[in-house]
Amino acid sequence: MTAQLSLFNTLTRRVEPVVPLAPPRVTLYTCGPTVWNYAHIGNFRTFLFEDLLRRWLEASGYDVFQIMNLTDVDDRTIRAAREAGKKLTDHTAPFTQAFFEDRDYLRIKPAHVYTPATAYMPQMIALVSRLLERGVAYKGEDGSVYFALAKFPTYGRLSRLDTREIKVGARVASDEYAKGDPSDFALWKKADAEDESVGAAWDAPFGRGRPGWHLECSAMSLAEIAKCCNVQTLDIHCGGIDLIFPHHENEIAQSEGATGQTFSRHWVHGEFLNVRGTKMSKRHGNFLTARDLREQGVDAAAVRLLFFQTHYRQPVDFTDEALEAAKEGVRRLGEFHARLSGNGKRETGNDGLAELSRKLEDDVAAALNDDLNAPRAVAAVFDFVRAANRELDKPVPPPGTARALAAFERVTGILDVLPTARAADPALARWVEERIAARAQARKSKDFKAADAIRAELAAKGIEIEDTPQGTKWRLR
Ligand SMILES: [Zn+2]
């Protein structure tokens, strides 16, 4: 295991060492998408910082168990289903599928378990019953069940809420509300005609209804960590900063109100993404989806690099210029990778390249251990590329390229920012081989003009060639 990972803990507002309950296991809960529509690229910024966290924990020797929920019943999904004239599950299923496709496109590692809220009704009903038994919840005269903030004195700790603002007995039924409106919130909402019409109502001992959004994450995370690890406390809980209040505040109240145990040891929140100055968002103003990018043929590596160039606790502007710069960065990484790979597997020696490789891995580890400082890790990668290229430019190429290649691949594997390999179609490949053979023939007969013309002809089709002792190699740019 490498040196200690520290992360900013929203609960204490300090960067603190991550101390799992039972190392090397780390239980990681990441609030997932609401599958009422396609996920916005801003949602994916959060999922990408969580992906990097997961990969870094694993690279550091931890055994991560990641849970991600799929919110397939809440105010928004019900409204969207009704507007589409569909049953709830008919409306959400394609968006769940789309989310998985987008996740794969962006090279996000799948969570170990995905929990659709509608599949956890018994656990949600049990959690509400428990909160009622413990006296921290009550049934309102409107037939819904509410959490009683007055019975949970530590409410507001995560969001640093001034609890004097809490009006005892004031109630809020909607899933989303502002920080200025802390009130008893709905755990279970009595079914109304709209819920019934889309099939979003379940029988429960305390009345037919449906879960509040906040309840879902508490019930599902507690159910899954009990099943996997027989615990009631998460090691790390992640989400976007917009979830701190009321969502995560309410998750803490519900979970700790039921178990009497700390709900999560570490709370980690990612900043927003702003979509500005981009012409690519064609659907809804600045509502840019991952599939918009995929349809534009944007390499996922460029999206990852763009996001990782900013610290997860800093806002990012997504612009055409930033994306172009990231594409160029990815191209340089790919070129360097090809150069290093094509350099032959020489013996590792104690030379400049080996020293640079050691520094690369040390710098990246130090950066990621320091509150997942991805921009510093990315900078270390580009410093390495520059310095290693200088070594490779020397008249006598250095030994140690195998070591350098391994270090470079390990680091870029964690960030996952190397360009997607483009496979050439067989007809193109045949044509390229034929042109390369013609060029070799021209060179043999010292017709360098013809040889150069063929190289230019290939370049015009995006084919790069390189003459090596083993013959001429080519690749798609
Ligand atoms: Zn959640």
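What geometry do the four donor atoms of the zinc ion give its site? In this predicted model, the site is irregular, with angles of 71 to 130 degrees among the four donor atoms.

The protein donors are Cys-31 through SG, Cys-217 through SG, His-247 through NE2 and Glu-251 through OE. These donors lie 2.1 to 2.7 Å from the zinc ion. Along the chain, the donors follow the spacing C-x185-C-x29-H-x3-E. Cys-31 lies in the loop between strand E3 (25-30) and helix H1 (41-59), whereas Glu-251 belongs to helix H7 (residues 244-259), so this pair ties together parts that are 220 residues apart in sequence. Cys-31 counts as buried, at 5% relative accessibility. Cys-217 is buried as well, with a relative accessible area of 0%, and Glu-251 is likewise buried, its relative accessible area being 0%.

Helix H7 also holds Pro-246. The peptide bond from Phe-245 to Pro-246 is cis, and its omega is near -5 degrees. A further cis peptide bond joins Pro-23 and Pro-24, where omega is about 5 degrees. Pro-24 is found in the loop between strand E2 (14-17) and E3.

Positive phi values were computed for two residues that are not glycine, Arg-13 and Arg-160. For Arg-13, phi is about 60 degrees. Arg-13 sits in the loop between strand E1 (6-9) and E2, and this residue counts as partly exposed at 32% relative accessibility. For Arg-160, phi is about 50 degrees. Arg-160 is found in the loop between strand E7 (145-147) and strand E8 (171-172); with a relative accessible area of 47%, Arg-160 is partly exposed.

The structure holds one disulfide. This bond joins Cys-228 to Cys-229, with an S to S distance of 1.9 Å. The torsion about the S-S bond of Cys-228 and Cys-229 is about -80 degrees, and the disulfide is therefore left-handed. The two cysteines fall into separate accessibility classes: Cys-228 counts as partly exposed at 35% relative accessibility, whereas Cys-229 counts as buried at 13%.

Salt bridges number 38 in the structure. One of them is formed by the side chains of Asp-51 and Arg-55, with an N to O distance of 2.8 Å. Both residues lie in helix H1, four residues apart, which corresponds to about one turn of the helix. Asp-51 and Arg-55 are both buried.

A salt bridge also forms between the side chains of Arg-103 and Asp-104, at 3.0 Å from N to O. Arg-103 counts as buried at 10% relative accessibility, while Asp-104 is partly exposed, with a relative accessible area of 46%.

Arg-435 forms a salt bridge with Glu-457, in which the closest N and O atoms are 3.2 Å apart. This pair links distant parts of the chain: Arg-435 lies in helix H14 (residues 426-444) and Glu-457 in helix H15 (residues 448-460), 22 residues apart. At 17% relative accessibility Arg-435 counts as buried, because the limit for that class is under 20%. Glu-457, with a relative accessible area of 32%, is partly exposed.

Salt bridges that share partners join Asp-51, Arg-55, Arg-107, Asp-299, Arg-304 and Asp-416 into one network. The network thus includes Asp-51 and Arg-55, the pair placed in helix H1.

Notes. Residues are numbered from 1 along each chain as its sequence is written. This is a predicted model: local features need pLDDT of at least 70, side-chain atom pairs count only at pLDDT 80 or more; totals for chains, interfaces and linings use all residues. Side-chain values use heavy atoms; hydrogens and water are left out. Donors are N, O and S atoms within 2.8 Å of the metal (3.2 Å for Na, K and Ca); water is not among the atoms, so sites may look incomplete. Four donors count as tetrahedral if all angles lie between 85 and 135 degrees; four count as square planar and six as octahedral if opposite donors are over 155 degrees apart and all others between 65 and 115; anything else is irregular. Helices (H or I, at least four residues) and strands (E, at least two) are DSSP runs, numbered from the N terminus. Buried means under 20% relative accessible area, exposed over 50%, partly exposed in between (1.4 Å probe, protein chains only). A salt bridge is a side-chain nitrogen of Lys or Arg within 4 Å of a carboxyl oxygen of Asp or Glu. A disulfide is a pair of cysteine sulfur atoms within 2.5 Å.
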